[in-house]
Amino acid sequence: MNSRALIPTAAALLLAAAATACGSSEPTPDGMVIDAEVMCEEFVERELDAAVEISDSQATVADPDAWTYEATGTVDYEDGTGPVRASYTCTIATDETGEEWTLEELTFEERRTG
């Protein structure tokens with residue numbers, strides 16, 4: 001698992017443009033929680049390198065000063081031995097632009113479903 005991966009996002013740029021067009025003030029850590037949730041889901045998919053189904057995903061601000069988030073959820077996928085369900089915890093960070101996200105930590109707790 002790569003513990004310091006970066007993902008630049010076109011969606012983040014669109015989000016920033018939409019916020020500017022709507023006259024919003026500067027982004028806040030709380031305002032980027034949904035982005036953090038989506039980015040953690042992307043890191044989960046990349047790490048497992050398989051077709052996945054994610055559920056119960058939610059993110060919270062872990063440290064607003066550091067723009068750090070923690071997301072948890074459940075992922076179902078198949079590996080070489082059959083179906084797997086895992087709980088995951090993902091810690092990521094960005095800055096106030098939200099243009100790049102850094103994976104700080106990603107852990108899985110797996111249990112076989114079949």
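Reader: Hi, I'm new to this one. Where does methionine 39 lie?

Author: Methionine 39 lies in helix 2. Before we go on, keep in mind that this is a predicted model.

Reader: Got it. Is methionine 39 buried or exposed?

Author: Methionine 39 is buried, because its relative accessible area is 4% and buried means under 20%.

Reader: Let me step back. How many helices and strands does the protein have?

Author: The protein has two helices and five strands. Read from the N terminus, the order is β-α-α-β-β-β-β.

Reader: What share of the residues counts as buried?

Author: Of the protein's 114 residues, 33% count as buried.

Reader: Back to helix 2, then. Where is valine 44?

Author: Valine 44 is in helix 2. This valine 44 counts as buried, since its relative accessibility is 0%.

Reader: How far is valine 44 from threonine 89?

Author: Their C-alpha atoms are separated by 9.3 Å, while valine 44 and threonine 89 sit 45 residues apart along the chain.

Reader: New topic: disulfides. How many does a search of the whole structure find?

Author: The search finds one disulfide. The bond joins cysteine 40 to cysteine 90, and the S to S distance is 2.2 Å.

Reader: Which parts of the chain does that pair link?

Author: Distant ones: cysteine 40 belongs to helix 2 (residues 33–48) and cysteine 90 to strand 4, with 50 residues separating them.

Reader: What's the handedness of the link between cysteine 40 and cysteine 90?

Author: The link is left-handed, with -80° about the S-S bond.

Reader: Are those cysteines buried or exposed?

Author: Cysteine 40 is buried, at a relative accessible area of 1%. Cysteine 90 is buried too, at 0%.

Reader: OK, charges next. How many salt bridges are there?

Author: The count comes to one salt bridge. Aspartate 76 forms this salt bridge with arginine 85, and the closest N and O atoms are 2.7 Å apart.

Reader: Why can side chains pair like that?

Author: Side chains of opposite charge can pair when their charged atoms come close.

Reader: Tell me about arginine 85. Where does it lie?

Author: Arginine 85 lies in strand 4. Arginine 85 counts as partly exposed, because its relative accessibility is 33%, and partly exposed falls between the buried limit of 20% and the exposed limit of 50%.

Reader: How far apart in space are arginine 85 and arginine 112?

Author: C-alpha to C-alpha, arginine 85 and arginine 112 are 6.2 Å apart, and in sequence they are 27 residues apart.

Reader: Which residues form the negative surface patch?

Author: Glu26, Asp95, Glu96, Glu99 and Glu100 form the negative surface patch.

Reader: Where is glutamate 99 found?

Author: Glutamate 99 is found in the loop between strand 4 (82–93) and strand 5 (100–112). With 37% relative accessibility, glutamate 99 counts as partly exposed.

Reader: Last one. Where is tryptophan 101 found?

Author: Tryptophan 101 is found in strand 5. Tryptophan 101 is buried, at a relative accessible area of 1%. Its C-alpha atom and that of threonine 68 are separated by 9.6 Å, with tryptophan 101 and threonine 68 being 33 residues apart along the chain.

How values were computed:
Residues numbered from 1 in each chain as written. Predicted model: local features only at pLDDT ≥ 70, side-chain atom pairs only at ≥ 80, totals over all residues. Heavy atoms only, no water. Patch = residues over 30% accessible without salt bridge, like charges linked within 9 Å, V, L, I, M, F, W, Y side chains within 5 Å. Areas by Shrake-Rupley, 256 points an atom, 1.4 Å probe, with all protein chains shown as cover. Salt bridge = Lys/Arg side-chain N within 4 Å of Asp/Glu carboxyl O. Lys, Arg positive; Asp, Glu negative; His and termini not counted. Charge placed at Lys NZ, Arg CZ, Asp CG, Glu CD. Helix = DSSP H or I, 4+ residues; strand = E, 2+ residues; numbered from the N terminus. Buried < 20%, exposed > 50% of the residue type's maximum accessible area, 1.4 Å probe, protein only. Disulfide = S-S within 2.5 Å.
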